[in-house]
Amino acid sequence: MTMDGPRVSAGELCQKGWTAGALLGAPDRLREPLVRDRRGGPLRPASWDEALDLVAARLRRVLAGHGPGGVAVFGGGGLTNEKAYLLGKFARVALGTPNIDYNGRFCMSSAAAAAQRAFGLDRGLPFPLADLDEADAIMLVGANVAETMPPLVRRLRRARDRGGLVVADPRRTATAGLASLHLAPRPGTDLALALGMLHAAVAGGLVRRDDLERRTEGFAAAWRIAARWRPEEAERVTGVAAADQRAAVGLLAGARRAYLLTGRGAEQHATGSDTVSAWINLALALGLPGREGSGYGSLTGQGNGQGGREHGQKADQLPGYRRLDDPAARRHVAAVWGVAPEDLPAPGPSAYELLDSLGTETGPRALLVFGSNPAVSAPRAGRVSRRLAALDLLVVADIVPSETALMADVVLPVTQWAEEEGTLTNLEGRVLLRRRAVAPPPGARGDLSVLRGLAVRLGRPAAEFPDDPEEVFAELARASAGGLADYSGIGYDRLRAGEEIHWPCPGPGHPGTPRAFLDRFAHPDGRARFVPVDHRGPAERPGGDFPLIATTGRVLAHYQSGAQTRRVPELAAAEPGARVEVHPDTARRAGLADGDRARVVSRRGTAEAVVRCTPGIRRDTVFLPFHFPGAERANLVTNPALDPVSRMPEFKACAVRLEPA
Ligand SMILES: Nc1nc2c(c(=O)[nH]1)N[C@H]1C(S)=C(S)[C@@H](COP(=O)(O)OP(=O)(O)OC[C@H]3O[C@@H](n4cnc5c(=O)[nH]c(N)nc54)[C@H](O)[C@@H]3O)O[C@H]1N2
Ligand SMILES: Nc1nc2c(c(=O)[nH]1)N[C@H]1C(S)=C(S)[C@@H](COP(=O)(O)OP(=O)(O)OC[C@H]3O[C@@H](n4cnc5c(=O)[nH]c(N)nc54)[C@H](O)[C@@H]3O)O[C@H]1N2
Ligand SMILES: [Mo]
């Protein structure tokens, strides 16, 4: 592969709204509301009034019978800022339920938690993406950007030309193929790798003592743990040669400008928050965060992966990246919403816990889904599908009949991306105004209008739920004022005029903050924190009947649960079904050859896939993409073990065996 990398990926096409155009021609693009008259019966077309009246009537029935907690809401990091904000407000004000969470919990919530612990603030990249162009060294941990973020590949060129591109991935991915140094840790052992590298940094005299003194707290406690992790010890656990650990640290420490970046491979573990903390500890010891031209960042994935986490669709959050359990935050947001602070619900359960409780004795009886396809993308997807089926009411707003939508009692056809106006906040914290570029199908409505229609039917004044994105944004900006993610200085006028504004932007005259942390970190004393963390390993170890480790992730041609990309002929043709990547020796031992149909079996279930032999993967590891439905769902095998800090499930390591199908 050339340094330019692939020109285009499904991820990008979805994020740019290209699929919106492509899907306009899809025969099953949703064009009118659908309702089911009885469970097990067919979905039939209905008018918007009939569908919304029906949803409101049934929501009222659940609310009357079970209280506000009887209804749950599930959102997504692909929703615009305006939608994410209004969805959170709808749950807290129109429904009064604590039960709202979103797919960001499955994406980067562990990295967000670790950044908050270390820096007092989580902004995926606290520096502009373009800064990477000037880097002499970049280490990517569990990020396959050549397939997931191709435009970023050209920004790695300088680091690579200088021999400073390090990639840690159990597979020799397209990205690892570009690297000067590829480390291939056993899945789920990155924390030990980071400890070994911190040990090597200290032993090699590479720690920036003056930065530690001036700008951080807690190094001694972190070092007490790392002191036990000589690179040779880390090699035993991770499989990464001690010499390579030392070389990687040497590259980062020796560069004038260096970055350490994590992706989902590092983050989606039951030890995800501690793992990211260990990488941040290493970055702090090398003096990277807060130095212009260097830093730590988490590469956020979805179209609005950054903004989606800031405006209150997460169970414990209010707009402005405020905490729902903070009395001052509750007072501020309640005042903007015109409700009493004590009427705002308490924090609710996290995404997996919420999905797992649906339709149970004590769980919610109704669920509204906006912008996610959990029947495919949630861990233990088989059980999640059964929970969805046990609900009294499932309502799904989507563009296409996703696997989750096909289970719904009411399907609401909505518009997306290029079909409407709205803002997104990209991975570097910059707010982008997206304009309408193609006309939506006549029968589809915007999510904002759906929320308004439901809120009014539930007895709220229409003025509380505007459906004009600019109006919603202005309210969002007020609600965010004074919070960590302060948008109060940002408005559509400035964005229309072409201004590039990174949050925080705490006033109309404020230029925004492209680089956070240059003067101070966001903790009250301005210092960053080392967090003392030790290696524990994945929740489930290989052995016995399940001798291999399965990890999961993405391929170039598909996006997420695949609901959209599987409907675009060019993309479906490129990758028509699930493949399992296996080392040829491992395949042979399982009696399998390239192209055979195989079963990947874990304690939770079985996923089917076609064997793709590749010598670039560890012999103890197999890789499954999660983009495919039905019997090919990777999430039939993944482990829902949750990170205690962030409630992130362990998508990236579980014990499996491989057998012929
Ligand atoms: N084409 C395409 N692009 C996308 C998406 C898509 O679905 N398709 N999704 C978007 C979204 S939402 C996101 S979050 C991003 C995700 O972007 P990435 O983080 O780049 O994607 P993943 O493939 O999930 O994981 C990255 C790598 O982690 C490796 N890995 C697995 N386990 C471990 C481990 O224990 N340690 C280490 N070090 N590495 C490990 C995998 O082999 C994989 O190559 O991509 C975005 N872009
Ligand atoms: N095994 C495994 N599982 C994973 C992962 C992994 O690496 N491995 N990655 C996780 C990650 S990082 C993520 S982000 C999740 C993603 O998984 P999901 O949350 O399922 O995300 P999508 O597939 O993007 O689903 C979005 C749905 O919303 C619809 N949609 C798009 N735009 C809009 C809109 O504006 N409004 C409405 N109402 N609907 C819209 C789309 O058509 C689609 O059906 O999966 C997670 N699951
Ligand atoms: Mo994601």
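Helices (H or I, at least four residues) and strands (E, at least two) are taken here as DSSP runs, numbered from the N terminus. The model is a predicted one, in which local features need pLDDT of at least 70 and side-chain atom pairs count only at pLDDT 80 or more, while totals for chains, interfaces and linings use all residues. Residues are numbered from 1 along each chain as its sequence is written, and side-chain values use heavy atoms, with hydrogens and water left out.

In an unreviewed entry, UniProt places the feature "domain: Molybdopterin dinucleotide-binding" at residues 548-655, an annotation of a kind that may be inferred rather than shown by experiment. Over residues 548-655 the chain is 11% helix and 33% strand, with the end C-alpha atoms 6 Å apart.

Ligand 2 is surrounded by 33 residues, of which the closest are Asn103, Ser372, Ser377, Asp398 and Ser561; a residue is counted here if one of its heavy atoms lies within 4 Å of the molecule. At least two residues of this shell come from each of strand S14 (393-398) and strand S20 (548-553). The shell comprises 11 nonpolar, 17 polar and five charged residues, where Ala, Val, Leu, Ile, Met, Phe, Trp, Tyr, Cys and Pro count as nonpolar, Asp, Glu, Lys and Arg as charged, and the others, Gly among them, as polar.

Polar contacts are pairs of N or O atoms within 3.5 Å. A nitrogen atom of ligand 2 lies 2.8 Å from a side-chain N or O atom of threonine 552, and for arginine 554 the corresponding distance to a nitrogen atom of the ligand is 3.1 Å.

Terms used: Chains are lettered from A and ligands numbered from 1 in the order in which they are written. A polar contact is a pair of N or O atoms within 3.5 Å; within protein, one must be able to donate a hydrogen and the other to accept it, and residues adjacent in sequence count only if both atoms are side-chain atoms.
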